[in-house]
Amino acid sequence: MIVEGKQKIWADYQKDIPDDHYYYVRSCIRQSFFPASEVTFLDITRNKLGKDFYENPYHTTCGGIAYHSDSIPQETAMTIIARQFALMHESGYENYVCSCITSFGCYTETLETWHEFPELEDRIRQYLWDSCKKEFAKPKYLAHSSDIIYKFRHEIAKQAKYKLVNVKTGKPLKVVEHIGCHYSKMFPSKGFGGAEYPHVLVGMVEAWGGEVVDYPERRHCCGFGFRQYLIQANRGYSVSNTHKKFESMEPYEPDLIITNCPGCPYFLDRWQYVIAEQTGKTYSKNGYGIPALTYEEVAGLVLGYNPWDLGLQIHQVAIEPLLEKMGVEYDPKAKYKGINNKDLGTPENPINIKLI
Amino acid sequence: MFFNIPNFKKKGGEKVSEVKTDESNEFKGHLYEKLQEDYRVKEGLKACMNCGVCTAVCPAAEFYRYNPKNIVNIVQRKNEDELEALLKSDTIWYCGECMSCVTRCPRANAPGLIIMALRKLAMESGYYMESEKGRQQYVLVKDLCNNILTKGYCVYPRHFGYEEHKEFGTVGKWICENLDDIHKRLGSNLDGDGPGGLRKIPQESLDQLKNIFDVTGATKLMNKVLDDAHQQAQKENLSDEDYFKKVYTINNSNKHLNIG
C-alpha cells in the first residue's frame with residue numbers, strides 16, 4: 001500500500017465539522033440491537049468531552065428502512081425528514097447528527113435532491129405544512145455520529161485506559177474497518193475519505209493504537225440489502241455477502257471488526273454464527289469467531305467502560321478473547337446479569353462457534 | 001418477518017379493487033412517461049454507455065441472475081413492451097440498494113435509484129403482483145408501515161421474533177426471552193416517556209406521521225398493496241395470515257440464483 005498516495009486522496013475528502021451544539025437523532029436498528037452504543041455515545045460526548053448533544057423526544061424514525069424497502073414513496077420519506085428538521089429548528093439547533101447510516105444517506109440524498117430540484121423542496125415544504133402545520137429550516141451542518149467520534153479521536157486517546165494493542169505481544173491489534181454503504185457510496189464528498197478510502201474508522205483505529213487490515217473485499221456490502229434480509233426467503237443473499245467478506249479477510253487473521261453502520265455489526269456477528277453452525281467453519285483459530293463491534297463499543301472499551309455496560313454480552317460472537325488481548329478487566333460472572341445482579345439465565349452454547 | 005405484530009389492515013368490509021394487469025391498466029403504454037416523473041430517474045439516468053462496471057461491483061449480480069446494466073439499458077431504450085415485462089419480472093427485486101453502483105459509474109448514473117423508481121411504478125401499476133419477489137412487498141409494506149404508524153420506528157424489538165429470525169442466535173433467543181430486563185440493563189427507555197432509546201413516541205408525533213402518510217401518497221400505496229394481497233389470498237383460498245407466511249417464506253431458488 002502506498003500510504004502517501006492514499007493520504008493525498010484522503011485530503012480531498014476532509015470536512016470541517018462543528019465543535020459543539022448538536023441535535024441528536026436515534027437509529028431504529030442501533031437502539032434495538034445495540035442500545036448501549038447510543039447510551040455510550042451520549043455519555044462520551046456529554047460527560048467525557050463536555051459537549052452539548054440534545055435529544056428531542058418528539059423525533060421519530062426517518063423512515064429510511066421503509067424507503068429502501070420500497071414501502072413508502074420518496075415524497076413521504078422526504079416529508080418525515082422535513083419534520084425532523086423542523087423539530088431541530090424549534091429546539092434551537094443548527095447542527096444535525098444522526099446515529100444511523102441509512103438515515104445519513106437519506107438526509108444527504110434529500111438535501112442534495114432539493115438542491116438540484118428546488119421545486120421538490122417547495123412541494124415537500126407544502127406537504128409538511130398540510131400534514132403537521134410545521135415549517136423547517138435545513139441544518140447548517142449534517143453529520144453522522146461516527147464523524148463526531150472521529151473528530152475527537154485524539155481527545156479520546158488522551159483519556160484512554162486501554163489501547164488497541166495486544167498486551168501480551170505489544171503488537172497493534174489487526175482491525176477490519178467496515179463502513180456502512182450509505183455513508184459515502186452515494187455522495188462520496190459527504191464522508192471522511194470519500195467512498196474509496198473512507199477514513200472515519202481508520203482514524204479511530206490508528207489513534208487508539210490499532211493497525212487497519214487492507215483486504216480485497218474491504219468495501220463490499222455486509223449483505224443487509226433491506227428486503228434481502230427482512231424477507232426470510234431472501235436471506236441467502238445476505239449471508240452469502242457476509243460469507244464473501246469473511247473468506248476475504250480470514251487470511252489476515254483480524255482481531256476485531258469495527259463498524260459505523262448499526263446494521264452491519266448485527267449481520268457480521270450473526271451470520272458468523274450461522275456459517276459456523278451450518279458448515280463448522282469459524283473465522284478465528286481459537287474457534288470463537290471475530291468480534292464485530294460498533295465504533296461506540298470500541299471507543300467505550302478504550303476509555304475503560306465496563307464491557308457489560310457497553311452491551312458486549314448481547315453479541316453472539318464471544319468478546320472475552322478480545323478483552324484478554326487488550327488486558328481489559330472484567331467480571332465474567334456479571335456477563336449475563338440484569339440490573340441489581342438479577343439472574344437472567346444464560347444463552348445456550350452453540351455447537352460449533354464457541355460462546356462460553 | 002414479524003409474525004407477532006398486531007394485525008394491521010384496512011377496515012373490514014371494503015370492496016377490494018381489481019389488480020390491473022391487463023389491457024385496462026391505465027399505465028400500459030405510458031411507463032416511460034411515468035418513470036420520468038420520478039426524481040430518482042431524473043437524478044439517476046444521464047447517459048449509460050454500457051460499460052458494465054455497475055454489474056461488476058454489484059453484490060446482487062453475483063448472487064442472483066441480475067444485471068443492472070441491462071436494466072438501465074431497457075429504461076434508456078424507452079421500449080414500452082420491454083419495460084412492462086421488466087416490471088412484471090422478479091429481476092427488479094433482486095437489488096439490495098447498497099448503491100455500490102453509484103460510486104463506480106463513470107457517467108454519474110445511479111442504477112440503484114432507477115431500480116427504486118421501477119419498483120414504485122411496478123407497485124402503482126399492479127405489475128409487481130406477477131412475480132414471486134414482487135409479491136413480497138406485501139410483507140414489507142404491512143410490517144414496516146405498521147411499525148412506523150403505531151410505534152414511530154421502522155424496527156421495534158417486540159416485533160422482532162426469534163422464531164422468524166433464527167439467525168439471531170442463541171444469544172438472540174436469550175435476548176427475546178429477557179427483553180425488558182436486558183434493555184433496562186443497557187440503558188434503554190423501552191416504551192417509557194421522555195427521551196431515550198426506544199422511548200414511547202408521543203401520540204401527537206404518531207398522528208403527524210399518519211398525516212404525512214395521507215398527504216404524500218404512502219397511505220394510498222399501502223392500501224393498494226394490502227388490497228392486492230387480500231385479493232390474491234382469496235384467489236388462492238388462503239387466509240390473509242397464511243398468504244403472508246407463504247409470501248414471506250416461498251423461494252423458487254433455482255429460478256433466481258446465479259448458479260449452474
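A: Start with the buried residues of α11(A). They are Val200(A), Leu201(A), Val202(A), Gly203(A), Met204(A), Val205(A) and Ala207(A). Keep in mind that this is a predicted model. Helix α11 spans residues 200–207 of chain A, and seven of its eight residues are buried. That leaves the helix mostly covered.

What does the covering? After α11(A) comes Gly209(A). The phi of Gly209(A) is positive, near 100°.

Now step back to the domains. Chain A is assigned domain 1 (16–145) and domain 2 (153–341). The C-alpha centres of these two domains of chain A are 25 Å apart. The two domains touch: 26 residues of domain 1 of chain A are in contact with 27 residues of domain 2 of chain A. On the domain 1 side, α2 (28–33), α3 (35–48), α4 (64–68) and α6 (101–116) of chain A each supply at least two residues. By class, that side of domain 1 of chain A has 12 nonpolar, 10 polar and four charged residues.

Two packed helices are described by the angle between their axes and the distance between the axes. Helix α13 (residues 235–249) and helix α14 (residues 263–279) of chain A have axes that come within 9 Å. The axes cross at roughly 90°. Therefore α13(A) is roughly perpendicular to α14(A). From α13(A), the contact uses Ser238(A), Val239(A), Thr242(A), His243(A) and Phe246(A). From α14(A), it uses Phe267(A), Leu268(A), Trp271(A), Gln272(A), Val274(A) and Ile275(A). Sorted by class, the residues of this contact are seven nonpolar, four polar and no charged.

Gly263(A) has 28 other C-beta atoms within 10 Å, so it is buried. Leaving out residues up to four places away in sequence, Gly263(A) touches Ile29(A), Cys222(A) and Phe224(A). Arg227(A) is 36 residues from Gly263(A) along the chain, and their C-alpha atoms are separated by 13 Å.

Chain A also meets chain B. Here 75 residues of chain A are in contact with 72 residues of chain B. Helix α5 (residues 74–90) of chain A gives the most to the chain A side, with six residues. That side of chain A has 35 nonpolar, 27 polar and 13 charged residues.

Thr216(B) shows this meeting from the other chain. Thr216(B) is found in helix α13 of chain B. Thr216(B) is buried because 25 other C-beta atoms lie within 10 Å. Beyond residues up to four places away in sequence, Thr216(B) touches Pro73(A), Glu75(A), Thr76(A), Thr79(A) and Tyr127(A).

Chain B has its own layout. It is divided into domain 1 (25–128), domain 2 (136–153 + 202–250) and domain 3 (160–200). The C-alpha centres of domain 2 and domain 3 of chain B lie 24 Å apart.

Two loop residues of chain B are worth a stop. Most residues other than glycine have a negative phi. Ala108(B) is not a glycine, yet it has a positive phi of about 60°. Ala108(B) sits in the loop between α7 (100–104) and α8 (111–125) of chain B. Ala108(B) has 10 C-beta neighbours inside 10 Å, so it counts as exposed. Asp191(B) is not a glycine either, and has a positive phi of about 65°. Its place is the loop between α12 (179–185) and α13 (203–216) of chain B. With 14 other C-beta atoms within 10 Å, Asp191(B) is partly exposed.

Last, confidence. The predictor gives the complex an ipTM of 0.96 and a pTM of 0.95. Chain B averages a pLDDT of 92, and 91% of its residues score at least 70. Residues 1–17 of chain B are a stretch to handle with care: their pLDDT stays under 50. Where pLDDT is low, the predicted coordinates should not be read in detail.

Key: Residues are numbered from 1 along each chain as its sequence is written. Chains are lettered from A and ligands numbered from 1 in the order in which they are written. This is a predicted model: local features need pLDDT of at least 70, side-chain atom pairs count only at pLDDT 80 or more; totals for chains, interfaces and linings use all residues. Axes are lines fitted to C-alpha atoms, for helices over the stretch in contact, and angles run from 0 to 180 degrees between N-to-C directions. Helices (H or I, at least four residues) and strands (E, at least two) are DSSP runs, numbered from the N terminus. Angles under 35 degrees count as roughly parallel, over 145 as roughly antiparallel, 65 to 115 as roughly perpendicular and the rest as oblique. Two residues are in contact if their C-beta atoms, placed from the backbone, lie within 7 Å. Ala, Val, Leu, Ile, Met, Phe, Trp, Tyr, Cys and Pro count as nonpolar, Asp, Glu, Lys and Arg as charged, and the others, Gly among them, as polar. Domain bounds come from an automatic or database domain assignment. pLDDT is the predictor's confidence in each residue, from 0 to 100. A residue is buried if 20 or more other C-beta atoms lie within 10 Å of its own, exposed if 12 or fewer, and partly exposed in between; C-beta atoms are placed from the backbone.
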